[in-house]
Amino acid sequence: MLSRKTTEVNKNISSLDRSGCFSIREFKPSMAHVLSLHVFLSSQTHKTSSKPLKLTKRTNESNTSISIAKKGLLSPLHKIQKLNLEVSPHRAVSAVRLMRIQFGGAFADLLNEKGKGSGDNEMGYVERTLGFRTRDLDDRDLRLVTDIVGGTIRWRRYLDHIIGSLCHDESVFRSMEPLLLQILRIGFYEILKLNMPPYAVVDENVKLAKVALRPGAGNMVNGILRKLVLVKENNSLPLPKLEGDDRAQARALATLYSHPVWMVRRWTKYLGQEEAIRLMMWNNSDPSFSLRANSAKGITRDDLVMQLNSLQVPHEVSLHLYEFVRVKIGLQNVIRAGLLKEGICSVQDESAGLVVSIVDPQPGDDIIDCCAAPGGKTLYMASHLSGKGKVRAIDINKGRLRILIETAKMQKVNGVVATIHADLRTFADNGQLKSSKVLLDAPCSGLGVLSKRADLRWNRRLEDLEELKNLQDELLDAASRLVNPQGVLIYSTCSIDPEENEDRVDAFLVRHPEFRIDPVDRYVPPDFITKRGFYFSYPVKHSLDGAFAARLVRTL
C-alpha cells in the first residue's frame, strides 16, 4: 500500500504516545452537526437571502432539521432518494468529499480496495449530505474527482487568495459557508488549472450551488466565476509580486505555489529559492505510483506487465528495482480488477523499496521491523526470505497489526511474519529479543511525500518537527538496544528535512559511539548515495517520493 508512517496523519500532532507513533488530535466534532445544519438551511431555499450563511449557529427548529447520525445515515423518516440529473456528478462528489476532508471525515485519496464500490460509496455521501443523488459516476467522473479533489487541496492557498481578491468585500470571503467555498474552489481550479471551458464550468457550478444550497448562492457563484473568467482573459489575475525582503518573498511564493509559509522559508534556507520553487512544483504535480509484483506468490514483473497490458494501463518498468512498475494513470483500473485484493501486487513507492534493499534481507534472516505498521516494508522484506527466516513487526497499534497479518496471508508471506503488539521504547528494555538486522522506519513529517499526500502540507506545523525530532531520538535509542554486536541498524524516514535525517544520525552517534556509519553503496544505485554514504531519494531529481536511510553497524 502507500506505506508511510504519515499516511494516516490528517491533523496536527497534539501529543506523542508511548508507542513511538503519533497520538493525533483530529478535528472531527462537527461534521454531523455541520451537515445537519446545512441540510436544514438548504431546505429553506426560498426563505433565505443571497448572503452567505455562517455554519456556526445552531437552529432551534429541531422539528425541521434533518439529523445526520455520526455514520452519516439519514433517519428513516427523512430518507431522501431524489435523483437530480442536471447536477454534474463529479462536481457534487468532489464538493462533498472536500467537505469531509475539511472536517476530518476523509482523506484526500479517493482510491480504495473496494474498487467498483468506490463510486457508489461517494454518491451515498452526496445523498446523505445534500439530500439528492446525481447519475452514477463513470470512469471519467472518478478520474475527475481524483484530479479535482487532489488539485483543489494542493492549490488551496492560491485559489483562496484569488477568490478573496475577487469578492467585493474581504468579510464576504471570511464568512463564506464551507460548502459554498468548496464549490468556488472547484470552479476556480477547473478554470485556472484544468483549463476547462469557462462557460461550462460557470454553468455547472452555478447549478450545483443552487440545488445544494439556494438560488442566492448560485448567483454569488455566477458573479465570482464570471469575474475570474474576465481577469484570466485579460491576463490580470490578482497575484502577489515576488519582491521585498525574504519574509515578503516567502509569503508571495507561499501563495503562488500554494504551500505554508514556514515550509517555503525552510526550503529556501536549505535549498535556495530556485530549488525550493522546483520542489513546490513537484509537490503540486499529479503523482505517479509504483506497483510491486509479489514474488512470494510467484508473480514476476513480466506477469504484472501482462496484467497491466490487458487492463490497458500505461506503465513503465522501474529503472532501479526489478519487481517494480510505475503507473501514472489507470491505478483505479488496477484496483477494480482485484490485483491488490488477490495479492498479485502492492502499491509501494520505489523509494521505500530501496530502503528494503539497504536492509538486504536474505533467506534465513531474523529481522526486526520497528514501528512496522502498515507494513509495506515488512511484507517486501518477507518476500525476500523464500520462506526461511522471520520478520518481526513491532507496533503499538493492534488494529493495524491485524491488517498487516491479513495482508501477509493474502501475499503468502504469513509464515515468515510475526507481529508484536508493544511500545518499542519499553519493549526494547526487556532484552528478550535481539537481531543482526533492525529497521526503524521512524514517524516523520512526511515532507518527502507531499505530492501523494495532498492534504498533509496543511496539517503540518513547524512545531511538529521539534516533537518529532525528540521522538525519533527516543526510538533510535530503543531500536539500538535490539541490535546484536556486529549487527546493523537501518534508520529511515520519508522526509527530506536534514534535521530529521542526517542530524538525527549525528546526534545518535554522539550518544552511541559503539555504532558507526556503514556506507550504502553496495545496496543502491550511485545516484542515491550522499557524500557521507547515506541513502537519499529527492523528488525533483529522482521523480520518486523523498526518503532517507542510514545504515549503522554496531561494533561492540
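Two strands count as paired here if DSSP finds at least two bridges between them. Helices (H or I, at least four residues) and strands (E, at least two) are DSSP runs, numbered from the N terminus. Everything below comes from a predicted model, where local features need pLDDT of at least 70 and side-chain atom pairs count only at pLDDT 80 or more, while totals for chains, interfaces and linings use all residues. Residues are numbered from 1 along each chain as its sequence is written, and side-chain values use heavy atoms, with hydrogens and water left out.

**View 1. An open four-stranded sheet with the order 6-7-5-8.** The pairing is antiparallel. Out at the edges sit strand 6 (316–317) and strand 8 (345–347), each with a single partner strand, so one side of each has no neighbour in the sheet. Strand 5 and strand 7 are joined by four bridges and run antiparallel. Strand 7 (residues 324–327) also pairs with strand 6, again in the antiparallel sense, over two bridges.

**View 2. Zooming in on strand 7, residue by residue.** In a regular strand, side chains alternate between the two faces of the sheet. Here F324 and R326 point one way from strand 7 while V325 and V327 point the other way, and all are buried (buried is under 20% relative accessible area, exposed over 50%, partly exposed in between, with a 1.4 Å probe and protein chains only). R326 stands opposite E316 and is also the bridge partner of S290. V325, for its part, faces V317.

**View 3. The largest cavity, about 60 Å³ of space.** R326 turns up again in its lining, among residues that include W282, F289, S290, D349, K452 and D545. The model has three cavities of 30 Å³ or more. On a 1 Å grid over the protein atoms alone, a cavity is a set of points where a 1.4 Å probe fits but cannot get out, and lining residues have an atom within 4 Å of a point. Grid points are joined across faces, edges and corners, and a volume is the space filled by probe spheres set on the points.

**View 4. Helix 5 (residues 156–166) and what covers its buried residues.** Y158, L159, D160, I162, I163 and L166 are the buried ones. Their cover includes helix 4 (139–154), helix 6 (170–174), helix 7 (178–192), helix 9 (215–233) and helix 10 (246–256), with contact meaning heavy atoms within 4.5 Å.

**View 5. V520, in the loop between strand 14 (515–517) and strand 15 (535–537).** V520 counts as buried, at 0% relative accessibility. Leaving out residues up to four places away in sequence, V520 touches I358, I529, G533, F534, Y535 and R551. G533 is 13 residues from V520 in sequence, but 5.7 Å away in space, C-alpha to C-alpha.

**View 6. Cysteines in a structure with zero disulfides.** A disulfide here is a pair of cysteine sulfur atoms within 2.5 Å. The sulfur of C370 lies 6.6 Å from the closest cysteine sulfur, in C371, too far for a bond. C370 is buried, with a relative accessible area of 0%, and C167 counts as buried at 8%.

Key: 1 Å grid on protein atoms, 1.4 Å probe; cavity = no way out; pocket = protein on both sides within 12 Å on 5 of 7 lines; lining within 4 Å.
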